[in-house]
Structure formats: C-alpha cells, structure tokens
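Hello,

Here is the structure we talked about handing over. Please open it first, then read my notes below with the model beside you.

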Amino acid sequence: MSSSVKARLIIMVLAATVGSLAGAEDLRGPETFASITNQSERSRALFVEAGRVLQHPRCLNCHSTGDYPRQGDDGHIHTQNVRRGIAGVGKYGQKCSTCHQEQNVAGLNMPPGAPNWHLPPANMPMIWEGRTPGQICRQIKDPRQNNGKTVAQIIEHVTADKLVLWGWQPGEGRSIPPLSHDEFARNFQDWVRYGAACPE
C-alpha cells in the first residue's frame, strides 16, 4: 500500500471519528504525523486531529447552532437564557460581562471568565456543531466567514488569545480538551506549515 493511500486512510478514519471521539484521550501531537510524506495529506491529517479539539465542549459551547451559548459538557442551552446579540456580547440587560469577568470565579461550576468573553458575532457565528472537519477547515480559512482573518491571524488566535487559552483552564467542574494546548497549537502551526490543506 502506497504512503499516499495510507495517509488517505488515516484522514478518513480520523474524520469519521471526529464527533464521537472529541472527548477521548487519544489525540495526538504533530510528531505522530511525521510518517506522512505527502505535505497536503499531512496537512489534512493535522487539521482533522486539531478539529477534534474544536469539537470539544470548551470550544463547541460558543461555536454551536442557535442564537445562544451552551453550557456544560452536555452542551445544554445557557441556563440564564442569554442570547448572542449583534456583536456576540449578549442582548439588552443580559450581557456576557455581567457574569463573565476576566478570570474564573472560584468554586465548583461558578461563572467562568477570560478577557473579552463573547460569542462570535451574529453576522459571522462560526458554527462548528454538526459540521465535518473539512467544512470547519474551509470556514476557518474563509475571510468572509472568519471576520477577515488571514491564516496567520487564525494561528495567532488559537495560540495566544486568552479566551481560547481559557479552554485549558476552565475552572472547577469543567473538563478540558484531551490534547494539551501546546500540542493543539503545534498541530495548527504544522497544518499551515504543510499547506493549510482542508480535509474533504
């Protein structure tokens, strides 16, 4: 079996399991994909792996369908019936910043916090729920759907944005993504290094 065929099989298996294994503890860092010699195939495999983190509740609760955030590992509708609003910071008197401060409130399941707590804006909701890795990848790369960001700015967002980093320090009572932030960031960086190719 050629290395190209092997790489395609790896990508298909990863893509098929992205939803069901988003919470599994078997996600892999970029060194795992060193044996894939075709750069485009390697890039696709790296994105599928990083995409499994994007489908974890810490990311998906703000990148889900509907006009509201989700809560918990089960993704239930926000208990306070908060709505997105035009800018993604809440609506009327229910602004995100009312409860979500710049850091987590101490205690089990208390309000989480990070600087600039918000949902994606209404005109660009960045919904990942129910989407394939390929669809998420194309959405992330498309400036018309990602708030005009370049691929380099996307890398900056996933590696340094404090709201993204919060996902690995979400406060008591919340699970964290099953891949360290360092490995997740390196997967994203290598995805770009090898061509920023999207899975089908």
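**Overall layout**

Among contacts in the chain between residues at least 6 apart in sequence, 61% join residues at least 24 apart. Keep in mind that this is a predicted model. The chain holds eight helices and four strands. Read from the N terminus, the order of elements is α-α-α-β-β-β-β-α-α-α-α-α. The chain has 200 residues, and buried residues make up 44% of them.

**The cysteines**

How many disulfides does a search of the whole structure find? The search finds one. Its partners are Cys137 and Cys198, with sulfur atoms 2.1 Å apart. A disulfide is a covalent bond between the sulfur atoms of two cysteines.

Which parts of the chain does the pair tie together? Cys137 sits in helix H5 (residues 133–141). Cys198 sits in the segment after helix H8 (181–193).

Next, look at the bond itself. The torsion about the S-S bond of Cys137 and Cys198 is about -75°, so this disulfide is left-handed.

Are the two partners buried or exposed? Cys137 is buried, at a relative accessible area of 0%. Cys198 is buried too, at 15%.

Other cysteines are worth a look. Cys62 takes part in no disulfide. The nearest cysteine sulfur to Cys62 belongs to Cys96, 7.9 Å away. What about Cys99? The closest cysteine sulfur to that of Cys99 is in Cys96, at 9.4 Å, which is too far for a bond. The reasoning needs one number: a disulfide requires the sulfur atoms to be within 2.5 Å. Cys99 has 40% relative accessibility, so Cys99 counts as partly exposed.

**Helix H2 and its partner**

Now go to helix H2, residues 39–54. H2 has 16 residues. From its first C-alpha to its last, H2 reaches 22 Å. That is close to the 22 Å expected at 1.5 Å a residue.

Why can H2 be called largely enclosed by the rest of the structure? Because 13 of its 16 residues are buried.

Check the start of H2 as well. There, a side-chain oxygen of Asn38 comes to within 3.0 Å of the backbone nitrogen of Ser40.

H2 also meets H8. Their axes come within 8 Å and cross at roughly 145°. The crossing is left-handed. On the H2 side, the contact is made by Ser43, Leu46, Phe47, Glu49, Ala50, Val53 and Leu54. On the H8 side, Phe184, Asn187, Phe188, Asp190 and Trp191 make the contact. An α-helix has 3.6 residues a turn, so residues three or four places apart point the same way.

Start with His56. His56 is in the loop between H2 and helix H3 (57–60). His56 is buried, with a relative accessible area of 3%. Its side chain makes a polar contact of 3.3 Å with the side chain of Ser175.

Move on to His100. His100 lies in the loop between helix H4 (96–99) and H5. Buried or exposed? His100 is buried, at a relative accessible area of 14%. Leaving out residues up to four places away in sequence, His100 touches His78, Pro112 and Trp117. With Pro112, the backbone oxygen lies 2.7 Å from a polar atom of the His100 side chain. Trp117 is 17 residues from His100 in sequence. In space, the two are 6.6 Å apart, C-alpha to C-alpha.

Finish with Asn146. Asn146 is in the loop between H5 and helix H6 (151–160). Asn146 is buried, with a relative accessible area of 4%. What does its side chain reach? It reaches the backbone nitrogen of Gly148 at 3.1 Å. A polar atom of the Asn146 side chain also lies 2.7 Å from the backbone nitrogen of Lys149. Beyond its neighbours within four places in sequence, Asn146 is in contact with Met124, Met126, Gln139, Ile140, Lys141 and Ile154.

The structure is yours now.

Best wishes

Key:
Residues numbered from 1 in each chain as written. Predicted model: local features only at pLDDT ≥ 70, side-chain atom pairs only at ≥ 80, totals over all residues. Heavy atoms only, no water. Helix = DSSP H or I, 4+ residues; strand = E, 2+ residues; numbered from the N terminus. Buried < 20%, exposed > 50% of the residue type's maximum accessible area, 1.4 Å probe, protein only. Expected span 1.5 Å × (residues − 1). Polar contact = N/O pair within 3.5 Å; in protein donor to acceptor, adjacent residues only side chain to side chain. Axes fitted to C-alpha atoms, helices over the stretch in contact; angles between N-to-C directions. Left-handed = near helix turned anticlockwise from the far one by under 90°. Contact = heavy atoms within 4.5 Å.
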